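Subject: Handover of a structure

Dear colleague,

Please find the structure below.

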Amino acid sequence: MSVDSTAAERDAGSAAEAQPAGLDEEINETTGADEPFVEDGRADIALDFVIDVLAAMGMDCTVDLLENDDTDPPEEIRIEIEGKDAGRVIGKKGQTLSALQFLTNRIINRPGTKRRHVIIDAEGYRARREDTLTSMARRLGKQAVEEGKIITFEPMSPQDRRVVHLALAKFPGVVTKSDGEGDARRVQIIPVRR
């Protein structure tokens, strides 16, 4: 059993601290921007929590805190899990991975603090799942238009429903709607008459 972490991302925060004290304030005064994002240590707390949980589960994985892309909000925390037990961490249809992400979000987002969103991925699972859902949604959208029938997906997580809605947002001839309550909530693809 081994769970490793790289500290390169933690050290990146110390480089930002080395800037002159008033530099960020000057930039915001000249640009008129809102308060800049300041790293508050919750990314390290999230990383440590995930490492501890995976170690307690006996998983042989490496856990890394990823740097955000330019398009990601700065308050987003992205964690990547890799290793021979990463498939077990994903679980059936990503349920174990989603549960770990939910718990991590609960740990770092205490009442009275500004919300930070944690995204945990394992071996690129979320990107693959998104690609699969997007292609399935487009294929079923085409089928709904051709047959003129409403197509209903199986119950999905909020994240998966969002992927389907976004995939078909600009798809000609259909609209999407979520129907149901709680865990039984499903996406419907509804053909529109022209």
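In which sense do strand S5 and S7 pair, and over how many bridges? Strand S5 (residues 151-152) pairs with S7 in the antiparallel sense, over two bridges. Two strands count as paired if DSSP finds at least two bridges between them; helices (H or I, at least four residues) and strands (E, at least two) are DSSP runs, numbered from the N terminus.

Please note that this is a predicted model, in which local features need pLDDT of at least 70, side-chain atom pairs count only at pLDDT 80 or more, and totals for chains, interfaces and linings use all residues. Residues are numbered from 1 along each chain as its sequence is written, and side-chain values use heavy atoms, with hydrogens and water left out.

The open sheet has three strands in the order S5-S7-S6, with antiparallel pairing. S5 and S6 are the edge strands, as each pairs on one side only. Helix H7 (residues 158-168) packs on the sheet and touches S6 and S7, where contact means heavy atoms within 4.5 Å. The direction of H7 makes about 165° with that of S6; axes are lines fitted to C-alpha atoms, for helices over the stretch in contact, and angles run from 0 to 180 degrees between N-to-C directions. Helix H6 (residues 125-147) lies across S5, S6 and S7, at about 40° to S7.

Strand S6 (residues 174-179) and strand S7 (residues 186-191) form an antiparallel pair over six bridges. Ile 189 in S7 is the bridge partner of Thr 176, and Ile 151 also stands opposite Ile 189. Val 174 has Pro 191 in S7 as its bridge partner. Six residues lie between the strands of the S6 and S7 hairpin, where Gly 180 takes a positive phi near 110°.

Yours sincerely
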